[in-house]
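Please keep the structure open while you read.

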Amino acid sequence: MSNAPVNNGRRRFLTAATAVVGGVGVAGVAVPFIGSWNPSARAKAAGAPVEVNVGKIEPGQLIRAEWRGKPVYVVRRTDKTVADLAKHDGQLKDPSSAEAQQPEYAANAYRSIKPEFMVALGVCTHLGCAPTYHQGDFGEKVEGVSDGFFCPCHGSKFDMAGRVFQSVPAPLNLVVPEHSFPTTNTLLIGVGQGEA
Ligand code: FES
């Protein structure tokens, strides 16, 4: 199951790994990849949870973790980004997260536990490509929306809660994995809120 105990050595390593993350977030710029944590094959098969230190993520910055072989995007949303989420519901396919693409505790306006942090699989719900993060220039894709995700394969577009826009091939919002915050700065991917 996904609630395997977290190895303290790995915890320290991840803390160090995330501590060197710099300010990144501009479209087209490579984002840090927190994939160096190397669980055993057995742990991988069991879908071991992945711990991420979110304390060093800058406002607007995206980092990538890896969980069960899939990329997980973690973004520290700015206050403006959070406020903007309420402004384009009419352009979305599933603005209220009616489809079961997230745990129940994330079926809210932010699709997350904390409005500040977006946590979603970086896997397009059309055919599985990796959407790219556009910070500040997403208006070129969706007029009036400054930040979002664009899938380069067939042009699907998602907002900063991973909600898919209308008139694109992706049918569903990005998947929000089970996650929780055991401490203020610790994100645990793979263990749901209340399960830790
Ligand atoms: S895989 Fe993303 S739009 Fe087709």
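**Ground rules and confidence**

This is a predicted model, in which local features need pLDDT of at least 70 and side-chain atom pairs count only at pLDDT 80 or more, while totals for chains, interfaces and linings use all residues. Residues are numbered from 1 along each chain as its sequence is written, and side-chain values use heavy atoms, with hydrogens and water left out.

The pLDDT is the predictor's confidence in each residue, from 0 to 100. The chain has a mean pLDDT of 84, with 76% of its residues at 70 or more. Please be careful with residues 1-6, where pLDDT stays under 50 and the model has 13 contacts beyond four places in sequence (a contact means heavy atoms within 4.5 Å). Residues 8-30 also have pLDDT below 50, and this stretch has 41 contacts in the model beyond near neighbours in sequence.

**Aromatic rings**

The structure holds four aromatic pairs. Rings of Phe, Tyr and Trp (its six-membered ring) pair if their centres lie within 6.5 Å; planes under 30 degrees apart count as stacked, over 60 as edge-to-face and the rest as tilted. Two of the pairs are set out here.

| Pair | Centre distance | Plane angle | Class |
|---|---|---|---|
| Tyr-133 and Phe-149 | 5.3 Å | 25° | stacked |
| Phe-138 and Phe-165 | 6.1 Å | 40° | tilted |

Tyr-133 belongs to strand E6 (residues 132-135) and Phe-149 to strand E7 (residues 147-150), so this pair links parts of the chain 16 residues apart. Helices (H or I, at least four residues) and strands (E, at least two) are DSSP runs, numbered from the N terminus. Both Tyr-133 and Phe-149 are buried; buried means under 20% relative accessible area, exposed over 50% and partly exposed in between (1.4 Å probe, protein chains only). Together with Tyr-73, Tyr-133 and Phe-149 form one aromatic cluster.

Phe-138 is in the loop between E6 and E7, and its partner Phe-165 is in the loop between strand E8 (157-158) and strand E9 (179-183), 27 residues apart. Phe-138 and Phe-165 are buried too.

**Charges over rings**

A charge sits over a ring if NZ of Lys or CZ of Arg is within 6 Å of the ring centre and within 35 degrees of the ring normal. Lys-114 lies over the face of Phe-181, 4.4 Å from the ring centre. Lys-141 has its charged end over the ring of Phe-150, at 4.0 Å from the centre.

**A three-stranded sheet**

Strands of a sheet pair through backbone hydrogen bonds, either parallel or antiparallel. Here, an open sheet has three strands in the order E2-E10-E9, paired antiparallel; two strands pair if DSSP finds at least two bridges between them. Four bridges join E2 to strand E10 (residues 186-189), and Val-50 stands opposite Ile-189 in E10.

Most residues other than glycine have a negative phi. Which value does phi of Arg-111 have? Arg-111 has a positive phi of about 55°. Arg-111 is found in the loop between helix H3 (79-84) and strand E5 (117-121), and is buried, with a relative accessible area of 1%. Ser-167 has a positive phi as well, near 65°. Ser-167 lies in the loop between E8 and E9 and is exposed, with a relative accessible area of 78%.
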